[in-house]
Amino acid sequence: MKINASTDVYCIIGNPVRHSFSPFIHNAAFRKLKINAVYVAFEIKNIKEAVKGIKSLGIKGASVTIPFKTEIIEYVDEISDIANLIGAVNTIINTGERLVADNTDAFGFYQSLKNYTQITERKVAIFGSGGSARAGIFSLFYYDNPCQVYLVARNTNAREKLKKEITRNFKSFGKNVENKLFSLGFEEWKKIKDEVDILVNTTPVGMTPDVSSSILTKEDMPQNKVVMDIVYNPFCTTFLKIAKEKNCKIIYGMDMLILQAAKQFELWTNKKAPISVMKKSFLKNKRSIENS
């Protein structure tokens with residue numbers, strides 16, 4: 001596709017974003033569907049000014065990443081239920097008159113699991129207490145009905161604060177999850193690990209360049225579970241390698257990355273995302289960067 005005066009512009013805003021694979025993923029989708037559009041990365045310092053820029057330049061849509069997922073809420077015109085519930089935004093749709101904020105991280109997280117396993121009435125352990133854990137837990141209760149979710153993290157204050165916030169936010173939406181959400185330390189995790197059906201690492205532990213690390217040791221990884229890691233670089237983390245050794249069904253971090261991007265693409269274009277093309281472009285460019 002040649003860029004011309006009619007080319008629509010989409011972008012990712014954050015800091016840092018130079019490492020992002022999103023341009024490869026979205027531009028491949030635009031090319032496949034012959035959409036005259038381009039997706040670029042903008043490393044910004046001031047989110048308020050960036051939002052003004054989206055409006056004044058007529059940028060059609062934006063992905064929002066760290067550290068602006070919460071701060072940007074103050075500057076949009078409208079927010080979806082799921083983004084409002086989570087209190088974080090990763091997608092902006094410019095309708096021409098209004099900026100609409102959404103959260104596709106939650107959908108990507110949920111659908112990654114749902115494609116491989118049943119979630120209803122299952123027990124799920126989420127490792128971490130940051131933004132990704134937050135989106136993941138919200139998505140499980142928003143889109144489905146797990147019987148129990150365990151928030152497992154070393155920082156007691158962080159996990160207790162997140163638990164209270166999730167419980168409070170859902171209560172304001174008319175849903176009580178207080179008796180389904182539990183906060184655990186790692187010693188407590190060891191006592192209940194065999195009862196859990198699904199395990200998800202939402203921390204950056206094991207991400208390049210720290211590829212030898214894992215949130216769980218082989219001893220602490222239960223047998224025959226469904227195990228997902230949201231880290232996508234490296235493709236197969238040490239956490240997932242340990243899970244394989246324990247005969248677990250594994251889900252790669254790439255799945256969440258592609259599915260949240262596909263949902264963004266559909267919100268922006270009202271067209272079905274070419275998921276296989278987006279996945280192929282990610283893998284191709286990831287290998288190219290690794291070999292350079």
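The structure is a predicted model, in which local features need pLDDT of at least 70, side-chain atom pairs count only at pLDDT 80 or more, and totals for chains, interfaces and linings use all residues. Residues are numbered from 1 along each chain as its sequence is written, and side-chain values use heavy atoms, with hydrogens and water left out.

**Overall chain**

- The protein chain has ten helices and twelve strands; helices (H or I, at least four residues) and strands (E, at least two) are DSSP runs numbered from the N terminus.
- The radius of gyration is 19 Å, close to the 19 Å that the globule rule gives for 292 residues, so the chain is as compact as a globular protein of that length. This radius is taken over C-alpha atoms, and the rule is 2.2 Å times the number of residues to the power 0.38.
- Along the principal axes, the C-alpha atoms fill a box of roughly 60 × 45 × 30 Å.
- Of the 292 residues, 53% count as buried, where buried means under 20% relative accessible area, exposed over 50%, and partly exposed in between (1.4 Å probe, protein chains only).
- Among contacts with a separation of 6 or more, 70% come from residues 24 or more positions apart; contact means heavy atoms within 4.5 Å.

**The parallel sheet**

- Six strands form an open sheet in the order β9-β8-β7-β10-β11-β12, with parallel pairing; two strands pair if DSSP finds at least two bridges between them.
- At the edges stand β9 (181-184) and β12 (249-251), each with a single partner strand, so one side of each is left without a neighbour in the sheet.
- Neighbouring strands of this sheet are turned by 20° against each other on average, direction ignored.
- Within the sheet, β7 (residues 123-127) pairs with β10 (residues 198-201) in the parallel sense over four bridges, and Phe127 stands opposite Asn201 in β10.
- Helix α8 (residues 238-245) lies across β10, β11 (226-229) and β12, at about 165° to β11. Axes are lines fitted to C-alpha atoms, for helices over the stretch in contact, and angles run from 0 to 180 degrees between N-to-C directions.

- Strand β4 runs parallel to β6 (residues 99-102), joined by two bridges; Glu78 has Val100 in β6 as its bridge partner.

**Helix α5**

- The 13 residues of α5 (residues 131-143) should span 18 Å at 1.5 Å a residue, and the end C-alpha atoms are 18 Å apart, which agrees. The expected span is 1.5 Å times one less than the number of residues.
- The buried residues of α5 include Ala133, Gly136, Phe138 and Phe141.
- Those buried residues pack against α3 (81-86), α4, β7, β8 (148-152), α6 (156-172) and β9.

**Selected buried residues**

- Ser112 belongs to helix α4 (residues 105-114) and is buried, with a relative accessible area of 0%. A polar atom of its side chain lies 3.1 Å from the backbone nitrogen of Met256.
- Beyond four places in sequence, Ser112 touches Met228, Ile251, Asp255, Met256 and Leu259.
- Ile230, in the loop between β11 and α8, is buried at a relative accessible area of 16%. Leaving aside neighbours within four places in sequence, its contacts include Phe109, Val200, Asn201 and Met256.
- Lys286 lies in helix α10 (residues 275-291) and is buried, with a relative accessible area of 6%. Not counting residues up to four places away, Lys286 touches Phe21, Tyr232, Asn233, Pro234 and Phe235.
- Ala83 is located in helix α3 and counts as buried at 0% relative accessibility. Ala83 and Thr104 are 21 residues apart in sequence and 8.4 Å apart in space, C-alpha to C-alpha.

Conventions. A polar contact is a pair of N or O atoms within 3.5 Å; within protein, one must be able to donate a hydrogen and the other to accept it, and residues adjacent in sequence count only if both atoms are side-chain atoms.
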